[in-house]
Amino acid sequence: MTSPTPVVELVGAGFAYEDGPAVLTDVGFAVREGRAVALLGRNGGGKTTLLRLLSGGLRCASGKLLLDGAEVTYDRKGLTRLRTSVQLVVQDPDDQLFAASVAQDVSFGPMNLGLPEDEVRLRVTQALAALDITALADRPTHLLSYGQRKRAAIAGAVAMRPRILIMDEPTAGLDPHGQERLLETLDGLRAAGTTVVMATHDVDLALRWADEAAVLSPAGLRTGPVAELLADEALLDAARLRRPWAVSVGRLLRAQGLLPEDAPGPRTAEDLDALLDRVG
Ligand SMILES: Nc1ncnc2c1ncn2[C@@H]1O[C@H](COP(=O)(O)OP(=O)(O)OP(=O)(O)O)[C@@H](O)[C@H]1O
Ligand SMILES: [Mg+2]
């Protein structure tokens, strides 16, 4: 079976900021429809840069960006096409929010698409509800807490109904309840067909939530099944990542003879529960 054409793909992508050293060299990164992808790597490793290349905010110095297999043109038409498919939520919500109120901010993107007023209103209502911030609709964005601003910024991207939602460390600064709510929201979006790419430093969250991992290290970008990559000690070291707790537990269970050598380890607390039930 041949896999379908990726929605977006970087091919041989290289990038350096003005007068700076190369941040990314010859990176290939394909995002396929329906996947949940976690992008991991050390501070300054190039995650934000990679996500901005993928969403068209930055342009590759070498290599190219493909949308549905066709090279993206960085003119108005090409960028509009890219932005209706791919939405990036930036790391710092203060770089994204600018309108007077939350509802105005969230409505800005859909309004710019030229959608009818009713449709804009519907999308805003749904996006606010999805992020649990309906009650904040009329609040000035600058008076919100950090976590509330973060949710408002995500709601703005969700209201665009992108095929691919890209988020740069969306759970950083959210309280545990907020994190769980965000993951539920993402589950809902994924069930409706949205592909999600998320940069994160949280290896436990990545193992639990993602099906694919993309790990940036000085050796370049490695992509593959999340459970495989996050059990690779050399890769974790190179990317300065901690070993996920579930990987450690899987190892312990195998060492104790409670889990066959070739059996997949747990990825969540629920997995572990089920596994212990079976061996118990
Ligand atoms: N606007 C900029 N101008 C010049 N250099 C930059 C700029 N933004 C980032 N860099 C540099 O590019 C490299 C990659 O940064 P990037 O923000 O992509 O890393 P990151 O993996 O997202 O890090 P973090 O985990 O801290 O968010 C770093 O060395 C950084 O200093
Ligand atoms: Mg970053």
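User: Which strand is joined to β4 by 2 bridges?
Analyst: That is strand β5 (residues 70-71), and β4 and β5 run antiparallel. Two strands count as paired if DSSP finds at least two bridges between them. The names come from DSSP runs numbered from the N terminus: helices are H or I with at least four residues, strands are E with at least two. Keep in mind that this is a predicted model, where local features need pLDDT of at least 70, side-chain atom pairs count only at pLDDT 80 or more, and totals for chains, interfaces and linings use all residues. Residues are numbered from 1 along each chain as its sequence is written, chains are lettered from A and ligands numbered from 1 in the order in which they are written, and side-chain values use heavy atoms, with hydrogens and water left out.

User: What do β4 and β5 form together?
Analyst: They make a hairpin with 2 residues between the strands, and D68 in that turn has a positive phi of about 50°. Across the pair, L66 stands opposite E71 in β5.

User: What about β4 and β1, parallel or antiparallel?
Analyst: Antiparallel: β1 (residues 8-16) and β4 (residues 62-67) pair over 5 bridges. For instance, V11 has K64 in β4 as its bridge partner.

User: In what order do the strands of that sheet come?
Analyst: The order is β2-β1-β4-β5, an open sheet of 4 strands with antiparallel pairing. At its edges are β2 (22-31) and β5, each pairing on one side only. Helix α1 packs on the sheet and touches β1, β2 and β4, with its direction at about 55° to that of β2. Contact here means heavy atoms within 4.5 Å, and such angles, from 0 to 180 degrees, are taken between N-to-C directions of lines fitted to C-alpha atoms, for helices over the stretch in contact.

User: How exposed is T48?
Analyst: T48 is partly exposed, at 29% relative accessibility. Q91 is also partly exposed, at 32%. The scale is buried under 20% relative accessible area, exposed over 50% and partly exposed in between, using a 1.4 Å probe and protein chains only.

User: And S85, what does it count as?
Analyst: S85 counts as buried, at 7% relative accessibility. S85 is found in helix α2 (residues 76-85). Leaving aside neighbours within four places in sequence, S85 is in contact with L67, P162, R163 and I164.

User: Which strands does α2 lie across?
Analyst: β6 and β7, with α2 running at about 70° to β6. Those strands belong to an open sheet of 6 strands in the order β6-β7-β8-β3-β9-β10, with mixed pairing. β6 and β10 (220-225) stand at the edges with a single partner strand each, so one side of each has no neighbour in the sheet.

User: How do β7 and β8 pair, parallel or antiparallel?
Analyst: Parallel, over 5 bridges between β7 (residues 164-168) and β8 (residues 195-199). L165 has V196 in β8 as its bridge partner.
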